[in-house]
Amino acid sequence: MKKITIAIDGFSSCGKSTMAKDLAKKLGYVYVDSGAMYRAVTLYAMEHGCFDGLQLNVEKLRNMMQDIHISFQFNPETGKPDTYLNNKHVESQIRNMEVSERVSIVAALDFVRAEMVAQQQAFGKEKGVVMDGRDIGTTVFPDAELKIFLTASPEIRAQRRYDELKAKGQEASFDEILANVKERDYIDQHREVSPLVQAEDAILLDNSNLTIEEQNEWLMEEYLKRVED
């Protein structure tokens with residue numbers, strides 16, 4: 001069966017990563033979490049004094065970009081890849097609220113996006129890749145054979161994020177998370193470089209009322225349509 005490129009875009013906390021990871025595992029494809037890459041850059045910026053509260057020293061980060069190297073390593077316990085920043089495991093750190101509050105600021109920068117897009121395109125040179133993010137179907141892989149655009153209501157996305165953080169034992173405020181979700185939506189849709197938009201040839205899926213199993217079944221059907229053509 002031929003290998004294809006699968007691009008999954010959509011709003012924050014829609015479950016893009018869960019969908020993409022599960023599909024990649026079933027197909028034996030490479031999975032790349034582009035959102036984790038931007039979160040890793042954000043974490044690096046925080047750890048190296050680029051932030052004063054929510055104010056980012058853009059030039060300081062620009063001068064550090066050549067020192068930021070992101071990779072993914074398979075975790076046998078979870079059966080999924082984890083994110084590494086300069087060979088350090090950061091999967092849990094990049095998911096906290098401090099990073100979430102700042103990642104859209106970092107992701108809006110043209111020099112950050114240029115570097116991340118180059119790395120992402122390198123991951124997908126050989127096909128057989130599933131990648132999720134905000135601009136995968138429009139900028140990173142405009143020729144992807146299968147493009148999905150995920151959406152869900154802000155309240156449902158905030159609840160999912162709240163439940164995820166509580167399950168990890170992290171303190172969380174639903175109202176704070178909901179405000180963050182809405183703010184990230186606005187920034188993602190209105191940034192100058194690669195704003196979040198649905199590609200013309202992407203399939204829209206509102207998964208507000210779908211279980212993960214129903215979502216995965218739907219996605220597999222769409223995948224089979226592409227490879228059996």
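**Cavities, then loops**

The second largest cavity has a lining of three nonpolar, one polar and two charged residues. Keep in mind that this is a predicted model. Select Asp22, Leu23, Lys26, Asn216, Leu219 and Met220 to show that lining. Now colour α1 (16–27) and α9 (212–227): each of these elements gives two or more residues to the lining of the second largest cavity. The volume here is about 30 Å³.

How many cavities of 30 Å³ or more does a search of the whole structure find? There are two.

Move to the largest cavity, which holds about 40 Å³ of space. Select Ser100, Glu101, Ser104, Ile105, Asn180, Glu183, Arg184 and Ile187, which line the largest cavity. Show α4 (97–107) and α8 (174–190) next; each supplies at least two residues of this lining. By class, the lining of the largest cavity splits into two nonpolar, three polar and three charged residues.

Leave the cavities and turn to the backbone. Most residues other than glycine have a negative phi. Two stops have a positive one.

Select Asn86, in the loop between β6 (80–85) and β7 (88–89). Its phi is positive, near 50°. Asn86 counts as partly exposed because its relative accessibility is 32%, between the cut-offs of 20% and 50%.

Finish at Lys127. Find the loop between α5 (110–123) and β8 (129–133), where Lys127 lies. Phi of Lys127 is near 65°, again a positive value. With 35% relative accessibility, Lys127 counts as partly exposed.

Technical notes:
Residues are numbered from 1 along each chain as its sequence is written. This is a predicted model: local features need pLDDT of at least 70, side-chain atom pairs count only at pLDDT 80 or more; totals for chains, interfaces and linings use all residues. Side-chain values use heavy atoms; hydrogens and water are left out. Helices (H or I, at least four residues) and strands (E, at least two) are DSSP runs, numbered from the N terminus. Buried means under 20% relative accessible area, exposed over 50%, partly exposed in between (1.4 Å probe, protein chains only). On a 1 Å grid over the protein atoms alone, a cavity is a set of points where a 1.4 Å probe fits but cannot get out, and a pocket is an open set with protein on both sides within 12 Å along at least five of seven lines; lining residues have an atom within 4 Å of a point. Grid points are joined across faces, edges and corners, and a volume is the space filled by probe spheres set on the points. Ala, Val, Leu, Ile, Met, Phe, Trp, Tyr, Cys and Pro count as nonpolar, Asp, Glu, Lys and Arg as charged, and the others, Gly among them, as polar.
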